Amino acid sequence: MDKAKLQLMGREYELPVLVGTENEVGLDVTALRGASGAITFDPGYGNTGSCTSAITFIDGERGILRYRGYPIEEIAGRASFPEVCYLLIFGELPSPKQLAHFEEQLTRHTLLHEDMKKLFEGFPATAHPMAVLSAMVASLSAYYPSRGEEERDLNIVRLLAKTPTLAAFSYKKSIGQAFVYPRNDLAYTQNFLHMMFAVQAEPYRPSPVLDRALTLLLILHADHEQNCSTSTVRMVGSSQANLFASCSAGISALWGPLHGGANQQVIEMLQHIRDDGGDFKKYVGMAKDKSANFKLMGFGHRVYKNFDPRAKILKHAADEVLRELGVVDPLLDIAKHLEEVALSDPFFVERKLYPNVDFYSGIIYRAMGIPTDMFTVLFALGRMPGWIAQWKEMREDPKGRISRPRQVYVGAAQRPFVPIAQRPDKAKTDRETPTPVHA
Ligand code: ACO
């Protein structure tokens with residue numbers, strides 16, 4: 001095995017080197033602190049491997065994304081979503097029999113415990129559906145506690161099967177319509193469309209165009225190795241918290257505008273540009289101006305420094321889906337112009353900023369009739385098998401440990417405590433105590 005040598009304060013340390021399947025190199029620093037007292041420092045974990053994983057491979061320089069070795073371009077448009085869930089979670093493509101059994105299980109577990117409907121009643125209609133989804137997924141642990149290995153596998157199926165029901169119910173709640181129950185004769189993606197768009201007592205047949213578009217979107221979002229939400233799921237799960245609690249935390253992490261929440265922000269930005277007269281160059285200029293505190297949402301990625309293969313697929317799909325649905329959306333033109341201008345601008349070129357998966361996904365969701373604040377929920381629905389697969393892999397790793405990063409402390413050095421009576425009225429920092437706000 002190769003070893004790296006580190007010179008530190010006059011001493012030399014040897015660090016074991018890990019080499020992955022695709023020759024990625026990692027320096028193993030686990031013993032460094034014990035030997036030298038030093039830790040590694042990497043805010044935002046941009047250059048830190050937190051685990052070994054056999055699920056997803058990304059080469060950001062070459063725009064490569066593979067699930068369990070299969071290129072995303074070969075999976076997208078050719079596999080069903082349950083097939084991809086099976087692949088990610090269990091490691092291999094299912095045989096026809098295995099897939100039929102898995103799909104049957106997913107169908108049988110779509111219903112929610114009836115008492116959970118009361119939880120929905122407690123939310124205001126204006127609640128963001130991501131808030132509802134994360135709360136409801138955490139609540140599943142109250143209804144389906146995990147009691148050992150067997151129950152754990154059943155809970156994996158339950159979580160996959162019930163997430164579309166929870167997501168669709170949160171949408172129905174937000175528009176004041178009655179919940180639509182899942183149907184056993186519909187496949188996974190069709191069932192979600194049915195629960196979203198059927199109105200009780202009216203027959204609804206999910207359109208094949210919508211079904212195909214949804215399948216593609218879910219597959220493209222299904223896993224993305226150690227991103228912010230997945231690392232959150234692993235971090236929470238590393239304390240041996242249950243699957244539902246861990247994935248609920250992942251949903252919360254995904255919600256942020258720098259992560260999955262960007263898909264909602266992209267559409268809001270494009271709408272804003274349109275309402276402001278469509279001058280996209282002005283917004284490219286603002287994104288370059290550090291004092292403007294404005295970012296082109298849907299641009300940039302921590303890992304992809306050439307192109308995001310998912311964005312490439314979605315750009316083509318956006319054209320196709322809009323054409324098939326007969327939708328003309330001026331936001332698609334604005335998005336394409338924005339991309340063109342940004343990609344030829346040295347600011348974006350030098351920083352290797354390209355459209356990411358969120359740039360075109362919102363345009364397709366809009367054309368499908370999905371409301372803007374449900375976009376990130378759709379992302380969560382797609383990412384669920386990835387979170388589950390990563391959680392499972394972590395829990396099955398015999399070398400798994402609780403996640404517990406270190407820090408470099410930069411606060412005050414030791415000082416004596418001053419009792420309240422001896423403290424001056426005005427603190428040195430001039431910091432005022434915030435006035436309490438009573439709701
Ligand atoms: N618009 C304008 N400038 C940008 C953008 C952007 N969207 N993204 C990065 N930059 C600039 C930064 O200001 C920085 O410039 P500097 O070197 O002059 O300081 C440089 O590019 C590097 O960017 P960082 O923020 O350091 O990159 P990081 O890897 O930390 O962040 C992130 C990646 C969060 C995705 C960032 O590009 C961003 O905020 N993009 C917009 C939000 C977005 O689309 N998020 C979705 C990501 S995909 C996903 O999570 C599913």
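A polar side-chain atom of Arg302 lies 2.7 Å from an oxygen atom of the ligand. The protein covers 74% of the 920 Å² of accessible area that the ligand has on its own (Shrake-Rupley method, 1.4 Å probe; for residues, only the protein chains shown count as cover). The model is predicted: local features need pLDDT of at least 70, side-chain atom pairs count only at pLDDT 80 or more, and totals for chains, interfaces and linings use all residues. Residues are numbered from 1 along each chain as its sequence is written, and side-chain values use heavy atoms, with hydrogens and water left out.

An N or O atom in the Lys290 side chain is 2.8 Å from a ligand oxygen. A polar backbone atom of Leu258 is 2.9 Å from a ligand nitrogen. The ligand has 21 residues around it, of which His259, Lys295, Leu296, Gly298 and Arg302 come nearest (a heavy atom within 4 Å). The shell comprises eleven nonpolar, five polar and five charged residues (nonpolar: Ala, Val, Leu, Ile, Met, Phe, Trp, Tyr, Cys and Pro; charged: Asp, Glu, Lys and Arg; polar: the others, Gly among them).

Strands β1 (residues 3–8) and β2 (residues 11–19) run antiparallel, joined by six bridges (strands are DSSP E runs of at least two residues; helices are H or I runs of at least four, both numbered from the N terminus; pairing needs at least two DSSP bridges). Leu6 has Tyr13 of β2 as its bridge partner. Two residues separate the strands of this hairpin, and Met9 in the turn has a positive phi of about 45°. β2 also pairs with β3, antiparallel, over three bridges.

Four bridges link β4 to β5 (residues 64–67). Thr56 stands opposite Tyr67 in β5.

The whole structure holds 19 salt bridges (a side-chain nitrogen of Lys or Arg within 4 Å of a carboxyl oxygen of Asp or Glu). Glu104 forms one with Arg108, with the closest N and O atoms 3.8 Å apart.

Terms used: A polar contact is a pair of N or O atoms within 3.5 Å; within protein, one must be able to donate a hydrogen and the other to accept it, and residues adjacent in sequence count only if both atoms are side-chain atoms.
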